[in-house]
Every structure is written in C-alpha cells, then in structure tokens.
Amino acid sequence: MNRILPPMMRIILPKAEFDGNNNLPLNAFKKAVPIFSYYYPAGLLDLQEQPELKITDLYAYSPQKGKDRKGLYEFYGQIYTLQYHSHFEGQLRIVPTEKVWGKETNGGHFPACDGEKKIDVEDITHNEHYNIFCTDEQAARKFLTPTMISWFDRQISSGLGFSLNDDRIYLIVKSDLALFTPPKNKKTWKKWNMEKTARQIKSMVASARELAEMF
C-alpha cells in the first residue's frame, strides 16, 4: 500500500501529500470517538489547502470475550482535521447519543472528563441527538450559534463526532471504509481495487472540503 497509494494520490490529488507511515496523534481526537479497546489510525493525507485540511483513516475495535478474540464492536472511518479560523478558549466536544429501550445513552462515548461539563442548548433536536461537553461554557455557547446548531442537526444521520481543542477541529466520520489501511490477508488483497479506492478517496476529499467550509 505504501508503494501504490503515493503515486495514485499524485495523480488524483496533485497538490496533496500522502504519508502512509504517519497519522494524527490518538489523544487529539480519541474523546470524539466511541470507547474501544484498540485504536489504529493509519496514513495521513495532507491536502495542502487552507485551513490546513488533513485526513487520516481510523480503525477501532473492542474484542469479543472468548478464545477467538473476534472483533465484536468495530469502527471504520476517517478523521478530518483543520485549523479553526479564530481563537477558542478551552475544549469543546460534541458527540452523538443513542437510545436503548427508549432511554438516551452517551452512544458509547466518553462521559464528561478533564474539567468538562455537559451543557444543553435551546434546540430540542440537538439536545436529543447530541451530548455537548466543554471546559469553558461561555466560549462553547459563543461557538454554538443557531447556524452552527442547525448544521449539526443536519448531520444527525451521519453519526458525526466533533472535537475542538487548541484551535484545531477534529471531525470523525463513520464511513465503514478503510482507504489507507493495507488489506489484512491475501484474500482481501485480491479483492482490493485501485480504481474503486481512487473514486472513494476523491469522494472522501470532496466530503472533507464540504465539512471544512462550515468552519
């Protein structure tokens, strides 16, 4: 994959830089992803565009109890990261919730931690589908304008996770695709298709640019 992907990237994204051995630091985005036993970020695609838009694959799983240790709960997706255009005080995390037997849960995400507090906004739909955690409530409410809240409400079906930390935004998208991760065995390698992967990467980049426009 390290031999195939870089030249392919140069063809479909001439200005971008791809490093299959580099990725985003786990601690930067971990709290915006559901809790797993193991996380494996892979590859770093730097689009060389403002606002410093970069993309990393993420595979995570929690093993099933038993001898086979087969993955029980898995995540395939991407992390989009970009520079926030303004200074932000503290940390802000917005993660989707889930309902189990009619009762709202935290969707498997981390609860409030590291000085965070949970807040609600004046939007019923947003409060029903997201949990908001922040270390500076005033800064968080200033960021969460009606336009921003409405945008998040339109992303409910995508299960989007969001984190703003040190003026850096991390958007976690569950795509069920592993684009920068090498196939696990010969069987999956034989099924790997360069043209299909190229189309998926172009589509992913278009989605990343669309998300970045909001911020």
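Analyst: A residue is called buried when its relative accessible area is under 20%, exposed when over 50% and partly exposed in between, with a 1.4 Å probe and protein chains only. The model is predicted, so local features need pLDDT of at least 70 and side-chain atom pairs count only at pLDDT 80 or more, while totals for chains, interfaces and linings use all residues. Residues are numbered from 1 along each chain as its sequence is written, and side-chain values use heavy atoms, with hydrogens and water left out.

By the burial criterion, F143 is buried, with a relative accessible area of 5%. Its rings partners can be described once pairing is defined: rings of Phe, Tyr and Trp (its six-membered ring) pair if their centres lie within 6.5 Å, and planes under 30 degrees apart count as stacked, over 60 as edge-to-face and the rest as tilted. A search of the whole structure gives 18 aromatic pairs. In one of them, the ring centres of Y84 and F143 are 5.5 Å apart and the planes stand at 70 degrees, so this pair is edge-to-face. Helices (H or I, at least four residues) and strands (E, at least two) are taken as DSSP runs, numbered from the N terminus. Because Y84 lies in the loop between β4 (71-83) and β5 (91-96) and F143 in helix α4 (residues 137-143), the pair ties together parts that are 59 residues apart in sequence. Y84 is itself buried, at a relative accessible area of 14%.

The rings of F143 and F215 have their centres 6.4 Å apart and their planes at 5 degrees, so that pair is stacked. F215 belongs to the segment after α7 (194-213), whereas F143 lies in helix α4, so this pair ties together parts that are 72 residues apart in sequence. F215 also counts as buried, at 9% relative accessibility. Ring pairs join Y84, F143 and F215 into a cluster that also includes F88, Y130, W151, F152 and F162.

The wider setting is the nonpolar core, meaning a set of buried Ala, Val, Leu, Ile, Met, Phe, Trp, Tyr and Cys residues joined through side-chain atoms within 4.5 Å. The largest such core has 46 residues, and those with the most contacts inside it (contact meaning heavy atoms within 4.5 Å) are L45, L92, F143, F162, F180 and I201. Helix α7 gives the most to this core, with seven residues. Apart from it lies another core, of 14 residues, among them L58, A60, F75 and Y170.
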